[in-house]
Amino acid sequence: MDLGTSEAETLERTPGGPEGTGPREKPRSLWSDAWRDLRRNPVFIISGLVILFLVVISIWPGLITSQSPLQCDLSKAQEGSQPGHPFGFDGQGCDVYTRTVYGTRISISVGVLATLGVAILGSLLGGLAGFYGGISDSLLSRLTDIFFAIPVVLGGLVLLSVVTSNTIWPVVGFMVLLGWPQISRIARGSVITTKQNDYVQAARALGASNSRLLLRHISPNAVAPVIVVATIALGTYISLEATLSYLGVGLKPPTVSWGIDISSASAYIRQAPHMLLWPAGALAITVLAFIMLGDAVRDALDPKLR
């Protein structure tokens, strides 16, 4: 054994390197650095706590209210705050506080399901088109151009006006249908950039298959922009659901939705403004929380901002 090899082995066995000052630090990844930055970001902490609270009450609304959102008393219609009814009553005599709490479930469900559908479909189509290129990439580009030309609200008015279902699935399906092109372009560009890196070229030269390149080398390093855009878009989808429900083509009664309540209260804004302010305030806080969360995640995952 020569001297150089002996010294190299000695350094590997010595904690902390040549001087033996301590254990060698584990190399940090993008995700570990991002999580460290997020834990120190007050915007992430505040928005995360708000979203956690919203998720909890959407799953277990009985934790903070014991009434039914469909239990109404016409004799109390449009009345203001009373003991046990802090938000007052709506035009049908239903408790505004209870309906606002139960409306969280619909908004969170629609936002999460639409975001998952958009992220999965858009990432799959955009990632494959960016990886293989050629005619598939050209077709995807032209197809996304067509979908981008469709106004979202106008498309909802046309497509959802013929739907009679009271479930959330037509609304979620519409959002996925018109929302995937944005994610697909983000995923396509990220995959094209990532596949040009040296470690991908080295893996290809060593005989790695296309599936292994995509799953092991490209996807983990190309998914960060998709996560950022999807997180911000979740708040947008919640707002879009409320807009479509307000216009009468989204969710329909007796489904409890902030958009439906805002639509019903708009005619009584002068006589009973509380009917509009509470569901509208809950909607604004929810959308703002998800946008703030997306901004914090973007700042943590974008190396250019470090």
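Thr236 counts as partly exposed, with a relative accessibility of 44%. This residue is placed in helix H10, which covers residues 224-246, and the model that contains it is a predicted one. The protein chain has twelve helices and zero strands, and 40% of its 306 residues count as buried.

**Confidence**

- The protein chain has a mean pLDDT of 85, and 89% of its residues reach 70 or more.
- Among the elements of the chain, H3 has the highest mean pLDDT, at 94, whereas helix H1 (residues 3-13) has the lowest, at 43.
- Over residues 1-20 the pLDDT is below 50, and this stretch has 16 contacts in the model beyond near neighbours in sequence.
- Where pLDDT is low, predicted coordinates should not be read in detail.

**Overall architecture**

- Along the sequence, the chain follows the pattern α-α-α-α-α-α-α-α-α-α-α-α, in keeping with its twelve helices and zero strands.
- Of the contacts between residues at least 6 apart in sequence, 67% join residues at least 24 apart.
- The accessible surface of the protein chain is about 16700 Å², and carbon and sulfur atoms account for 64% of this surface.

**Helix H3**

- H3 spans residues 42-59, a run of 18 residues.
- The distance from the first C-alpha of H3 to its last is 26 Å, close to the 26 Å expected at 1.5 Å a residue.
- At the start of H3, a side-chain oxygen of Asn41 comes to within 3.0 Å of the backbone nitrogen of Val43.
- Which residues of H3 are buried? They are Phe44, Ser47, Ile51, Leu54, Ile57 and Ser58.
- An α-helix has 3.6 residues a turn, so residues three or four places apart point the same way.

**The disulfide**

- The structure holds one disulfide, formed by Cys72 and Cys94 with their sulfur atoms 1.7 Å apart.
- The link of Cys72 and Cys94 is right-handed, with 75° about the S-S bond.
- Cys72 and Cys94 each lie in the loop between H3 and helix H4 (96-132), so the pair ties together parts that are 22 residues apart in sequence.
- How accessible is Cys72? Its relative accessible area is 38%, and Cys72 is therefore partly exposed.
- Cys94, by contrast, counts as buried, with a relative accessibility of 5%.
- A disulfide is a covalent bond between the sulfur atoms of two cysteines.

**Gly127 in helix H4**

- Gly127 is found in helix H4.
- Is Gly127 buried or exposed? Gly127 counts as buried because its relative accessibility is 9%, under the 20% limit for that class.
- Apart from neighbours within four places in sequence, Gly127 is in contact with Gly122, Ala187, Arg188 and Val191.
- Gly127 and Val223 are 96 residues apart in sequence, and their C-alpha atoms are 9.6 Å apart in space.

**Thr236 in helix H10**

- Thr236, in helix H10, has a relative accessibility of 44% and is therefore classed as partly exposed, since this class lies between 20% and 50%.
- The C-alpha atoms of Thr236 and Ile291 are separated by 8.2 Å, although the two residues are 55 residues apart along the chain.

Note on methods:
Residues numbered from 1 in each chain as written. Predicted model: local features only at pLDDT ≥ 70, side-chain atom pairs only at ≥ 80, totals over all residues. Heavy atoms only, no water. Helix = DSSP H or I, 4+ residues; strand = E, 2+ residues; numbered from the N terminus. Expected span 1.5 Å × (residues − 1). Buried < 20%, exposed > 50% of the residue type's maximum accessible area, 1.4 Å probe, protein only. Polar contact = N/O pair within 3.5 Å; in protein donor to acceptor, adjacent residues only side chain to side chain. Disulfide = S-S within 2.5 Å. pLDDT = per-residue confidence, 0-100. Contact = heavy atoms within 4.5 Å. Areas by Shrake-Rupley, 256 points an atom, 1.4 Å probe, with all protein chains shown as cover.
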